[in-house]
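The following exercises are to be worked through with the sequence and the model at hand. Each task is followed by a solution in steps.

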Amino acid sequence: MNNVNIAGRVAKDPDARGSVTTLIVATDRVKLRDGKTYVDEATGYTAKETEFHKVTCFNGLGKAAASREKGNVVAVTGRLHYSSWEDRDGITRYGCEIIADKLDFF
């Protein structure tokens, strides 16, 4: 089974190319120290780590996603897709993205 569910904020304006739109979605994860949450001394808030996820939307879903903007809250349901390619120097590179099946904007 290959299912992914994330909820976060659109980190930058969507990149739309025809009926394909790419979103970068930022999610936060609470950091733990000795199994407990803690306050970051520099900020005074609960310590968190932010992760950024590339989300690709096709067809009608891509067109709907293209109208959104940075900062919008989104829930994504989809699947993971891994790819590899050779760069200009002949080095093999790898990538991972979420192929969206459903988006809910709040």
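This is a predicted model: local features need pLDDT of at least 70, side-chain atom pairs count only at pLDDT 80 or more; totals for chains, interfaces and linings use all residues.

**Exercise 1. Fold and overall dimensions**

Determine how many helices and strands the chain contains, and in what order they occur.

*Solution.* Step 1: the chain holds 1 helix and 8 strands. Step 2: following the sequence, these elements are arranged as β-β-β-β-β-β-α-β-β. Step 3: the radius of gyration is 16 Å, whereas the globule rule gives 13 Å for 106 residues, so the chain is more spread out than a compact globule. Step 4: along the principal axes, the C-alpha atoms fill a box of roughly 45 × 40 × 30 Å.

**Exercise 2. Burial, contacts and charge**

State what percentage of the residues count as buried, then describe the contacts and the charges of the chain.

*Solution.* Step 1: 28% of the 106 residues are classed as buried. Step 2: take the contacts between residues at least 6 apart in sequence; 60% of these join residues at least 24 apart.

**Exercise 3. The surroundings of Thr-27**

Is Thr-27 buried or exposed, and which side chain does its own side chain meet in a polar contact?

*Solution.* Step 1: locate Thr-27 in strand 3, which spans residues 20–30. Step 2: the relative accessibility of Thr-27 is 12%. Because buried means under 20%, Thr-27 counts as buried. Step 3: the side chain of Thr-27 forms a polar contact of 2.8 Å with the side chain of His-53. Step 4: leaving aside residues up to four places away in sequence, Thr-27 touches Ile-6, Ala-7, Gly-8, Glu-49, Thr-50, Glu-51 and His-53.

**Exercise 4. The surroundings of Ile-98**

Which residues does Ile-98 touch, not counting residues up to four places away in sequence?

*Solution.* Step 1: Ile-98 belongs to strand 8, residues 92–105. Step 2: with a relative accessibility of 4%, Ile-98 counts as buried. Step 3: under the stated exclusion, the residues touched by Ile-98 are Val-4, Ile-6, His-53, Lys-54, Val-55, Thr-56, Val-76, Gly-78, Arg-79 and Leu-80. Step 4: Glu-51 is 47 residues from Ile-98 in sequence, and their C-alpha atoms are 13 Å apart in space.

Key:
Residues are numbered from 1 along each chain as its sequence is written. Side-chain values use heavy atoms; hydrogens and water are left out. Helices (H or I, at least four residues) and strands (E, at least two) are DSSP runs, numbered from the N terminus. Buried means under 20% relative accessible area, exposed over 50%, partly exposed in between (1.4 Å probe, protein chains only). A polar contact is a pair of N or O atoms within 3.5 Å; within protein, one must be able to donate a hydrogen and the other to accept it, and residues adjacent in sequence count only if both atoms are side-chain atoms. Contact means heavy atoms within 4.5 Å. The radius of gyration is taken over C-alpha atoms; the globule rule is 2.2 Å times the number of residues to the power 0.38. Lys and Arg count as positive and Asp and Glu as negative; His and the chain ends are not counted. The place of a charge is taken as NZ of Lys, CZ of Arg, CG of Asp or CD of Glu.
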